[in-house]
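Please read the points with the model open alongside.

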Amino acid sequence: MTEINANFRKLPGGYLFPEIARRVRAYSAQNPRARLIRLGIGDVTLPLAPCVTAAMEEACREMGRKETFRGYCEETNGSYGFLRRAIQGVYRDAGVELADDEIFVSDGAKSDCANIGELFAPQAVAAVCDPVYPVYVDSSAIAGRAGTYDPVTGRWDRLVYLPCTAENGFFPTPPAEQADLIYLCSPNNPTGTAADRAQLRRWVDYANARGSVLLFDGAYEAFITRPEIPHSIFEIPGARTCAIEFRSFSKSAGFTGVRCAYTVIPRELNRGGMSLNALWARRQSTKFNGVAYVVQRAAQAALSPQGLRETGAAIQYYRRNAQTLRDGLTKAGLTVCGGVDAPYLWVKTPDGMDSWGFFDHLLRRAGVVSTPGAGFGPGGEGYIRLTAFGEAEQAREAVERIRTALA
Ligand code: PLP
């Protein structure tokens, strides 16, 4: 009998979003006329920027002509120089110089964050924030790095959990124990908060002193508004010897359905006498044949001056929604974090309600769908997550409805 990877048996099984969908279906069946406002799932709602679709149309036409057709991309790291140069330009604007071969273009930050674990030994100790974007936990579990899941505590016994609480501003400090692979996400999903320079410097110092690797997820970098918040871990001195950075066009340019992202691995990053950049190049060339030419042209357009203006307008729209929710819900008496440098708001449940209880309350009394914080790990209990992706009018109406529901 062929044995499966037994780690799959240990996964508690994608419970969060199916359970939300089940409760929403049950509510809608009982209240067929209720008009729900969905502030739960973190997908974008605005269309692609005009210059992005124009670039895709032009690239499609090129693919339809014999002289300009392209097959497999044979260039550095399997992506086109025009896109890697555009990405270098974005980093240069933040004062960070990247070599061309330090950039790996991919189909998503999700796949990169999950696959990067292949570079490390199963016994490497992984550390995750609590609450956390679940991909880091589940991919560590599939790799056999998380140990055993305890359904009572909601924790894996071999992971180091880094509590993110109101007391530490929802960003962890390095633990006393050894952690080898440290997943950090800033601006953060789900808490919507962002780490400043001093907070990141502590992690860079920890990682360089301990030989750890920081896996820095910057998927929401484009939402940063405050100048004291770094856009890249590589703005922190010393990061080139300890960090890998993931970025995505999903939330910055509305590419969730287009699929394009990139990962930066500095040449100086070595562990066990091996270059992680070279290992990732080897891994990708073995398992991945690159991103569609049409999509790489779309991503290049998104990073052009016109693209940045056009995608910036969409981000501004979501930011205003975040502000509407943040101001309105704070006035309604709720404690709200995030929503300044990120499209997520992390809202404390009132009166000691648990997060599923508050989820149900908002669904039944306000017709608003949220995400219970407990779905992001035990540290999310007592919170819900709201997203600013959606219509401005809906954000305003959600505030009114929640205010009434709380009164
Ligand atoms: N990283 C974080 C923190 C996310 O929240 C998401 C998507 O929600 C991703 C990565 C996935 O990005 P992509 O669409 O590029 O796979």
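This is a predicted model: local features need pLDDT of at least 70, side-chain atom pairs count only at pLDDT 80 or more; totals for chains, interfaces and linings use all residues.

1. Lysine 251 sits in the loop between β9 and β10. An unreviewed UniProt entry places the feature "modified residue: N6-(pyridoxal phosphate)lysine" at Lys251. That label comes from the record, and such annotations may be inferred rather than shown by experiment.

2. What surrounds lysine 251, leaving aside its neighbours within four places in sequence? The residues in contact with lysine 251 are Gly42, Val44, Ala219, Tyr220, Phe223, Thr256, Ile315, Tyr344 and Phe389. With glycine 42 there is also a polar approach: a polar atom of the lysine 251 side chain lies 2.9 Å from the backbone oxygen of glycine 42.

3. Serine 250 is in the loop between β9 (243–248) and β10 (261–264). With a relative accessible area of 9%, serine 250 is buried. Beyond its neighbours within four places in sequence, serine 250 is in contact with Val44, Phe255, Thr256, Arg259 and Cys260.

4. Arginine 259 is found in the loop between β9 and β10 as well. Is arginine 259 buried or partly exposed? Its relative accessibility is 32%, so arginine 259 counts as partly exposed. Not counting residues up to four places away in sequence, arginine 259 touches Asp107, Gly108, Ser250, Val291 and Val295. The arginine 259 side chain reaches the backbone oxygen of aspartate 107 at 3.1 Å.

5. The "binding site" annotation, also from an unreviewed UniProt entry, covers Tyr72, Ala109, Lys110, Tyr133, Asn189, Tyr220, Ser248, Phe249, Ser250, Arg259 and Asn289. These residues span 218 residues of sequence and are spread in space too, with up to 34.3 Å between C-alpha atoms. Among them, Tyr133 and Asn189 belong to the lining of the second largest cavity.

6. The largest nonpolar core has 70 residues, of which Leu214, Ile233, Phe249 and Phe255 touch the most other members. Helix α9 (residues 293–303) supplies the largest share of this core, eight residues. A second, separate core has 29 residues, including Ile116, Ala141, Ala146 and Trp280.

7. For phenylalanine 255, not counting residues up to four places away in sequence, the residues touched are Leu48, Val52, Phe249, Ser250, Cys260, Val295, Ala298, Ala299 and Ala302.

8. Aspartate 130 lies in strand β3 (residues 126–130). Aspartate 130 is buried, with a relative accessible area of 4%. Which polar partners does the side chain of aspartate 130 have? One is the side chain of arginine 155, joined to that of aspartate 130 by a polar contact of 3.2 Å. Another is the backbone nitrogen of glycine 379, which the aspartate 130 side chain reaches at 2.8 Å. Leaving aside neighbours within four places in sequence, the contacts of aspartate 130 include Tyr161, Leu162, Pro163 and Cys164, and also Phe376, Gly377, Pro378 and Gly380.

9. Valine 369 lies in strand β15 (residues 368–369). Its relative accessible area is 4%, so valine 369 is buried. Valine 369 and leucine 39 are 330 residues apart in sequence, yet their C-alpha atoms are 5.4 Å apart in space. Not counting residues up to four places away in sequence, valine 369 touches Ile20, Val24, Leu36, Ile37, Arg38, Leu39, Gly40, Phe359 and Leu363.

10. How many disulfides does a search of the whole structure find? The search finds zero. Cysteine 60 is in no disulfide, and the nearest cysteine sulfur, that of cysteine 260, is 15 Å away. Cysteine 60 counts as partly exposed, at 46% relative accessibility.

11. Cysteine 337 is buried, with a relative accessible area of 18%.

How values were computed: Residues are numbered from 1 along each chain as its sequence is written. Side-chain values use heavy atoms; hydrogens and water are left out. Helices (H or I, at least four residues) and strands (E, at least two) are DSSP runs, numbered from the N terminus. Buried means under 20% relative accessible area, exposed over 50%, partly exposed in between (1.4 Å probe, protein chains only). A polar contact is a pair of N or O atoms within 3.5 Å; within protein, one must be able to donate a hydrogen and the other to accept it, and residues adjacent in sequence count only if both atoms are side-chain atoms. Contact means heavy atoms within 4.5 Å. A nonpolar core is a set of buried Ala, Val, Leu, Ile, Met, Phe, Trp, Tyr and Cys residues joined through side-chain atoms within 4.5 Å. On a 1 Å grid over the protein atoms alone, a cavity is a set of points where a 1.4 Å probe fits but cannot get out, and a pocket is an open set with protein on both sides within 12 Å along at least five of seven lines; lining residues have an atom within 4 Å of a point. A disulfide is a pair of cysteine sulfur atoms within 2.5 Å.
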